[in-house]
Amino acid sequence: MVNWLKKLNQAKPFPVPFKTRDKIPFRGKETQDFGAWNIDQSMNEEEANKEEMMHPDMSYLGQGNVGMAYQTPESVIKYTSDLSECEAAERLYQNPIPCAVRVLSSPVILNDHLAKLELEKVTPLNLQQKEVISAAYDCYDQERTSDCLDQLDSHYDQKLILDYRILRECLWSNGFDPIDAHHDNVGYNSKGELVLLDLGGSV
């Protein structure tokens, strides 16, 4: 594996899939989000070049714990080292549900430690909406979830809280775990449905 990065604490050209065009913050394993580090370890130069040729208009979108996402004009491309996420993506590709991001194609296994997902674009939450979802998410960690959510209704956007209730119930009823349905992992699709974006941990 070619080590393209000399220092972990600087934003430099990232090796996968773009080596020169994108400046991507590279986080080490000692930080919370080290998806770029994972992908750097999992994707070799040949695979990176192939991905770059396949998606020449792709640009960096973000990273999490085990993967990183790019966007094209039409979709989001996610590289993940969590192969269980592929299981969730394949299930959703075969049987879409209204509370999860739409998977546009069957997941592609690039090697034993890396897969690629193609997902629909969604609208991320704004800061105010994230505050509401964060408070609602915390309610589900309490014994009196319903009472907690009812109290939030009097202080926050009732529609957003209702949408979040529906999202969690929908995930559970379809065999998906909403444990990662926090404020950074949900957004609204083109139909106006609140959906789970990150499928890691959902199965």
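Reader: Over the ring of which residue does the charged end of Arg168 sit?
Author: This is a predicted model, and the answers below are read from it. The charged end of Arg168 is 3.9 Å from the centre of the ring in question. A charge counts as sitting over a ring if it is within 6 Å of the centre and within 35 degrees of the ring normal. The ring belongs to Tyr140.

Reader: Over the face of which residue does Arg91 lie?
Author: Arg91 lies at 4.1 Å from the centre of a ring. That ring is the one of Phe176.

Reader: How many aromatic pairs does a search of the whole structure find, and what is the angle between the planes of Tyr60 and Tyr70?
Author: The search of the whole structure gives three aromatic pairs. One of them joins Tyr60 and Tyr70, with 6.1 Å from centre to centre. Planes over 60 degrees apart count as edge-to-face. The Tyr60 and Tyr70 pair is edge-to-face, and the angle between its planes is 80 degrees.

Reader: How many residues apart are Tyr60 and Tyr70?
Author: Tyr60 is in strand S3, residues 59-63, and Tyr70 is in strand S4, residues 67-71. The pair therefore links distant parts of the chain, and the separation is ten residues.

Reader: Is Tyr70 buried or exposed?
Author: Buried means under 20% relative accessible area. Tyr60, at 21%, is therefore partly exposed. The relative accessible area of Tyr70 is 0%, so Tyr70 is buried.

Reader: Which residues do ring pairs link into a cluster?
Author: The rings of Tyr70 and Tyr79 have centres 6.0 Å apart and planes at 80 degrees, so they form an edge-to-face pair. Both of these residues are buried. The cluster linked by ring pairs consists of Tyr60, Tyr70 and Tyr79.

Reader: Which strands are at the edges of the open sheet?
Author: The open sheet has five strands in the order S3-S4-S5-S7-S6, with antiparallel pairing. An edge strand here pairs on one side only. The edge strands are S3 and S6.

Reader: Over how many bridges do S3 and S4 pair?
Author: S3 and S4 pair in the antiparallel sense. Gln63 has Met68, in S4, as its bridge partner. The number of bridges between S3 and S4 is four.

Reader: What angle does the direction of helix H3 make with that of S7?
Author: Helix H2, residues 45-54, lies across S5, S6 and S7 and runs at about 145 degrees to S6. Helix H3, residues 83-94, packs on the sheet and touches S5, S6 and S7. The direction of H3 makes an angle with that of S7 of about 35 degrees.

Reader: Which residues touch the most other members of the largest nonpolar core?
Author: The largest nonpolar core has 37 residues. Among the elements that each supply at least two residues of this core are H3, S7 and helix H4. Leu199 has contacts that include Glu85, Ala88 and Val101. The residues touching the most other members are Leu194 and Leu199.

Reader: How many residues are in the second, separate core?
Author: Met43, Ala48, Met68 and Tyr79 are included in this second core. Its number of residues is ten.

Reader: What is the relative accessible area of Thr72?
Author: Thr72 is found in the loop between S4 and S5. Leaving out residues up to four places away in sequence, Thr72 touches Asp57, Met58, Ile77 and Lys121. Thr72 is buried, because its relative accessible area is 7%.

How values were computed. Residues numbered from 1 in each chain as written. Predicted model: local features only at pLDDT ≥ 70, side-chain atom pairs only at ≥ 80, totals over all residues. Heavy atoms only, no water. Phe/Tyr/Trp six-rings, centres within 6.5 Å; stacked < 30°, edge-to-face > 60°. Buried < 20%, exposed > 50% of the residue type's maximum accessible area, 1.4 Å probe, protein only. Pairing = 2+ DSSP bridges. Contact = heavy atoms within 4.5 Å. Axes fitted to C-alpha atoms, helices over the stretch in contact; angles between N-to-C directions. Core = buried A, V, L, I, M, F, W, Y, C linked by side-chain atoms within 4.5 Å.
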